[in-house]
Amino acid sequence: MSAHTTRRAALAILATTAAAWRQGHAQAPAALRIGFQKGSLNLAFLKSYGLLEQRLPGTRIQWTEFPAGPQLLEALALGSVDVGATGDAPPVFAQAAGKDVVYIGAEPPKPDSSAVLVKPDSPLKTLADLKGKRIALQKGSSAHFLTVQAVKKAGLTWADIQPVYLPPAEARAAFERGSVDAWAVWDPYYAAAEISGELRALATSRGLSSNNTFYLASRALSQQPALVRTIFQALTDTDARVRTDRRDAVQRYADFAGLPTSVVQRMVERRGPAPVGPLTAQLLAEQQQVADAFAELALIPRPIRIADALAQVKA
């Protein structure tokens, strides 16, 4: 199949899915299991405000927090959760591993919300200085793709660095011990380090990665467009409420995450509006570029077509 034919097929899926979501009313399921991370601001606020519970009366909603996207998608593939949000890389790794996860939507890009961090007094001043250095990152996360892009921009090869695969909490501990030279991570970990002055950004995602957020679901949930639409409208309304009453939102998240309000304020400021809706052609193309970059470096076991994992529902 040619690239042109593939693109036309993917766009047809996007159009059909978007049309289906605009129709019908959600039938409240008996239970809905949602996976989220500390960096999933929309989902964390949705849980706090309770807007989904209001719109799905009679549904028992279970919220489960995960340390990062790969762990969340593992639970999704195993049937432990029904829907969740991750960065760009986790679904690529999941799809390449043959896991049955389905893209159902996305938020706008957030290129300022992740970074490659070093200590304030580190001799590393440019991305080229990463050559031969140990970089802590969560394998298969958005930080993984950020690191791939940072290495490429520096004119280095993947073999020129020493990736150290650790979840965020362990990565920070390793950094503080001096076991690694740099740390690639996302908010709130980035914002906390930035506000504390303990670390500085060698580079953010801007110019390297869009740092997109995707919503993924079980195949069964992806076939319920009215329910998906209800979830996404609740998320979009949540985002509007956050921007309308930022002080209340900041305090809510600070209490939930155990973070200073100054850290949360920084996160919210650079995040921008985050309405949730179907994937666009642009987001689909960007995600395919993520998959192709990992395949080119043999960091995933096989090349994949992102369009194969898109929700396909009948209008």
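Modeller: Start with one aromatic cluster, formed by Phe36, Phe45, Tyr49, Trp63, Tyr253 and Phe256. The model is predicted, so local features need pLDDT of at least 70 and side-chain atom pairs 80 or more, while totals for chains, interfaces and linings use all residues. Residues are numbered from 1 along each chain as its sequence is written, and side-chain values use heavy atoms, leaving out hydrogens and water.

Rings of Phe, Tyr and Trp (its six-membered ring) pair if their centres lie within 6.5 Å; planes under 30 degrees apart are stacked, over 60 edge-to-face, the rest tilted. By this rule there are 10 aromatic pairs. One of them joins Phe45 to Tyr49. Their centres are 6.0 Å apart, with 15° between the planes, and the pair is stacked. Both residues belong to helix α2 (residues 41-49). Helices (H or I, at least four residues) and strands (E, at least two) are DSSP runs, numbered from the N terminus. Phe45 and Tyr49 are four residues apart, so about one helical turn separates them.

Are these two buried or exposed? Phe45 is buried, at 1% relative accessible area. Tyr49 is buried too, at 7%. Buried means under 20%, exposed over 50%, partly exposed in between (1.4 Å probe, protein chains only).

Now take another pair, Trp186 and Tyr189. The ring centres lie 6.1 Å apart and the planes stand at 85°, so this pair is edge-to-face. Trp186 is buried, with a relative accessible area of 9%.

Charges come next. Which ring does the charged end of Arg241 sit over? The ring is that of Tyr49, with Arg241 4.0 Å from its centre. Tyr49 therefore has a stacked partner in Phe45 and a charge over its ring. A charge sits over a ring if NZ of Lys or CZ of Arg is within 6 Å of the ring centre and within 35 degrees of the ring normal. Arg270 lies over the face of Tyr190, also at 4.0 Å from the ring centre.

Tyr190 leads us to helix α8 (residues 189-196). There, Tyr190, Ala191, Ala192 and Ala193 are buried. What covers them? Among the elements in contact (heavy atoms within 4.5 Å) are strands β5 (114-118), β8 (182-186) and β9 (200-204). Helices α7 (168-177) and α12 (261-271) are also included. Just after α8, Gly197 takes a positive phi of about 80°.
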